[in-house]
Amino acid sequence: MSQIEDLFKKVTSHAKEYGFIFQSSEIYDGLSAVYDYGQNGVELKNNIREYWWKSMVQLHENIVGIDAAIFMHPQVWKASGHVDGFSDPMIDNKDSKKRYRADQLLEEQIEKYEKKGKTDKAKALSDAMNAALNDNNLVAMHDLIVEHEIVCPISGTRNWTDVRQFNLMFSTQMGSVAEDSDAVYLRPETAQGIFVNFLNVQKTGRMKIPFGIAQTGKAFRNEIIARQFIMRMREFEQMEMQFFVRPGTEMEWFEHWKQTRLNWHLALGTANTKYRFHDHEKLAHYANAATDIEFEFPFGFREVEGIHSRTDFDLRNHQEFSGKKLQYFDPETNSNYIPYVVETSIGLDRMFLLLMCSAYKEEEVGEGDRKETRVVLALPPQLAPVKVAIFPLTKKDGLPEKAREIMDVLKLSFRCHYEEKDAIGKRYRRHDAIGTPFCITVDHESLENNTVTLRYRDSMQQERVAIADLEKIIGEQTSLRSIFAR
Ligand code: ATP
């Protein structure tokens, strides 16, 4: 196994072992590409969401949030183009009965050529694939798979079916009698809930263009192949913001949001070199510019966030399908128009995976006989599930009581853990493994002079500090303010 695959395997098993992520319905052998967040995972996920929400909504006077329902009128998905166009080209291998995305098989082949230095071949295949995708030419995609002798990774054969389109939306029935009711869809993106509420928010909030509407929430896609853990799930969460602008100004705003969103990632302290933009050559039918923010996961650079200039496509279509005017009167130009939209769309689960992958570290610590490997999750302290762990040195002499006293104050501000089992060293390791930035040890001296030992996760340094100063020290390094004020 390569070191890289090894790292990813370690991250996934660590996520389970320490209560971050469990396979859904595990006791029934799981449900493919659906995951549950455990006791530490839910805290980390909430903290990422809060970081996003506060940076987008709290720090921008002209952005407000909403929380739209998952179910929407079925016409929404006709107007948005999802009923007709939200599909992936798929191909089955007749021997293994496994289904693949045709474009991904080709992408992987291009990567293989690149790795072997066959850049001409890679470029030719990439051009041919883009042309086939652009023309929606499924026969051409099939022919490319055959021509480049791509084999099924499971069966090893080239016994392929034709390439077909596969709609990714889940549908269900609304109402008690299936025959009488309309099919409704589980939303495949949160954005449409924002578009259909555009005028509600604009009018009731007296919003002036340019302004944004932000939302976080579940989205559902029946992904053909779901792998790489929570990278590609069938139920996931998005954090999206639609920014409504005057037509003709969208490119400036596109550039603005591209940079602003990259800065949001970098503010967490991850190295710049782990990120890159991937500008789209093949644009979706509604977009006039699009880029992905990609992160270098252990299995390569992959999209975490998309920034799309969506023109007036969505609002115009909703206006047409609903028969309701979705226009804005601009007092500055004294004219009515359908605004253009620049969207930022990030997957919360993918961001979670990104943080786990960049935080997971194995370090050699100690000397001689006491040498050991410590596993530490070097998460940004502001996002760590538990901010501070509080340990009485022993279970007697009034130390637990003193520790609880400290905990009772600190828990009003921070997520805290109290632990008295095992040696202190073991307790430190358990908290290193879930990324707790601070551990406090209460000892006999604490009873005498109201000081404790404060131990820092990353440096493992310890210092004696006054109990009265704990809240300030911990707060300074774990509050979102410490990121925003940079
Ligand atoms: P991909 O090309 O990886 O399928 P996409 O371009 O379809 O993604 P968008 O529709 O732009 O993705 O969605 C915005 C963000 O939502 C993505 O950048 C990603 O972080 C997240 N996302 C999309 N699909 C999934 C999924 N199946 N599982 C987890 N996150 C997802």
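The structure is a predicted model, in which local features need pLDDT of at least 70 and side-chain atom pairs count only at pLDDT 80 or more, while totals for chains, interfaces and linings use all residues. Residues are numbered from 1 along each chain as its sequence is written, and side-chain values use heavy atoms, with hydrogens and water left out.

The protein chain holds 17 helices and 23 strands, where helices (H or I, at least four residues) and strands (E, at least two) are DSSP runs numbered from the N terminus. Its C-alpha trace spans about 75 × 65 × 50 Å along the principal axes. Of the 486 residues, 50% are buried, a term that stands for under 20% relative accessible area, computed with a 1.4 Å probe and protein chains only. Among contacts (heavy atoms within 4.5 Å) between residues at least 6 apart in sequence, 65% join residues at least 24 apart.

Helix α16, which covers residues 470-478, has Leu470, Ile473, Ile474, Gly475 and Thr478 as its buried residues. An α-helix has 3.6 residues a turn, so residues three or four places apart point the same way. The buried residues of α16 pack against several elements, including α13 (399-410), β22 (451-456) and β23 (462-466).

The strands β22 and β23 run antiparallel and are joined by five bridges, and two strands count as paired if DSSP finds at least two bridges between them. Thr453 has Arg464 in β23 as its bridge partner. Five residues lie between the strands of this hairpin, in which Met460 takes a positive phi near 60°.
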